[in-house]
Amino acid sequence: MESQIAEHTAQLPQVGEPRNPGMELDLDWALGVEANTSAIERRCATLPGRRSVKKDYQAAWLLKAITLIDLTTLSGDDTAGRVRRLCAKARQPVRADLLKALDMGPITTGAVCVYHDMIETAVSALDGSGIPVAAVSTGFPGGLSPFHLRLAEIEESVKAGAKEIDIVISRRHVLSGNWQALYDEMKAFREACGDAHVKAILATGELGTLRNVARASLICMMAGADFIKTSTGKESVNATLPVSLVMIRAIRDYHERTGYRVGYKPAGGISKAKDALVYLSLMKDELGDRWLQPDLFRFGASSLLGDIERQLEHHVTGAYSAGYRHALA
Ligand SMILES: O=C[C@H](O)COP(=O)(O)O
């Protein structure tokens with residue numbers, strides 16, 4: 001048991017993984033990509049049944065999943081108190097007695113993700129923990145505020161202490177085929193981030209087709225995205241497996257062609273432990289173990305942690321706790 005947990009939760013040494021610097025816009029490449037929707041859907045339909053992990057392996061994978069969560073609160077009624085509670089949860093996401101029973105030392109979530117106004121609260125609540133604060137930005141979730149204000153918002157968030165910036169792209173650039181505008185926008189966002197890492201939220205539920213998702217993924221990577229992320233969590237359709245397969249394969253193509261590894265963040269609507277396991281096995285199948293580390297994979301999720309805790313408690317005690325006992329996250 002101990003070795004299974006250790007094997008799946010170990011952090012690989014990150015020997016100076018270079019940041020994706022981006023490249024010139026290569027429209028021939030981006031416009032040449034196709035997405036065979038029925039083949040993609042067929043492949044995804046087989047995933048949940050085919051790759052189930054059980055017992056100790058399942059506990060190990062669930063602990064791993066926790067270390068990959070961007071623990072998120074993005075509500076209009078967020079308060080400093082709620083953000084501080086969320087940060088306490090990020091520092092200690094699993095009860096000490098459960099960790100002990102699983103032979104595990106302390107773990108944390110991958111990051112805490114908040115709106116700009118909550119950055120300073122989160123940074124101070126996470127002080128000394130090494131957990132980065134991610135801020136959604138650029139007029140999240142619509143991305144329709146004036147361009148100079150979107151750049152200024154990024155700069156303010158970096159100044160306030162955010163180490164990761166989750167930007168939203170202009171969906172209209174994709175829907176109108178204005179790929180140059182998408183590239184220029186993403187490049188400007190990346191520059192405004194400076195040393196902070198930038199996640200490009202594609203809002204895939206609003207891009208119309210899987211082919212658009214593939215093209216937008218490539219163009220954002222060409223413009224220097226460190227991560228590509230599915231959704232804001234506010235679209236009517238958020239993270240899905242077909243969209244994930246398309247984005248993950250774009251990441252693979254980009255790595256094969258440029259040598260740079262770009263991260264992946266499915267976000268929105270991922271609230272069940274069993275769904276997290278399917279995403280992890282998809283990453284492992286398509287990209288390999290290197291992409292199961294927090295510098296290359298995150299779940300954007302506000303309630304996934306609660307379900308994972310329930311499953312871990314069941315694993316240890318044989319009983320499920322009531323959902324209300326895990327109300328936060
Ligand atoms: O980026 C994270 C998402 O906004 C979280 O969405 P969720 O509340 O559906 O988990």
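In which sense do strand S4 (residues 164-168) and S5 pair, and over how many bridges? The two strands pair in the parallel sense over five bridges, where pairing requires that DSSP finds at least two bridges between strands, and His197 in S5 is the bridge partner of Glu164. The model is predicted, so that local features need pLDDT of at least 70 and side-chain atom pairs count only at pLDDT 80 or more, while totals for chains, interfaces and linings use all residues. Residues are numbered from 1 along each chain as its sequence is written.

Strand S5 (residues 197-201) has five of its five residues buried, a residue being buried if 20 or more other C-beta atoms, placed from the backbone, lie within 10 Å of its own. His197, Lys199 and Ile201 point one way from S5, whereas Val198 and Ala200 point the other way. In a regular strand the side chains alternate between the two faces of the sheet.

Three bridges join S5 to strand S6 (residues 227-229), again in a parallel arrangement, and Ile228 in S6 is the bridge partner of Ala200. The chain passes from S5 through helix H11 (residues 210-222) to S6 in a right-handed β-α-β crossover, that is, with the strands pointing away from the viewer, the path from the first strand over the helix to the second runs clockwise.

The protein chain as a whole has 14 helices and eight strands, assigned as DSSP runs (H or I, at least four residues, for helices; E, at least two, for strands) and numbered from the N terminus. Of its 329 residues, 48% count as buried.

How values were computed:
A residue is buried if 20 or more other C-beta atoms lie within 10 Å of its own, exposed if 12 or fewer, and partly exposed in between; C-beta atoms are placed from the backbone.
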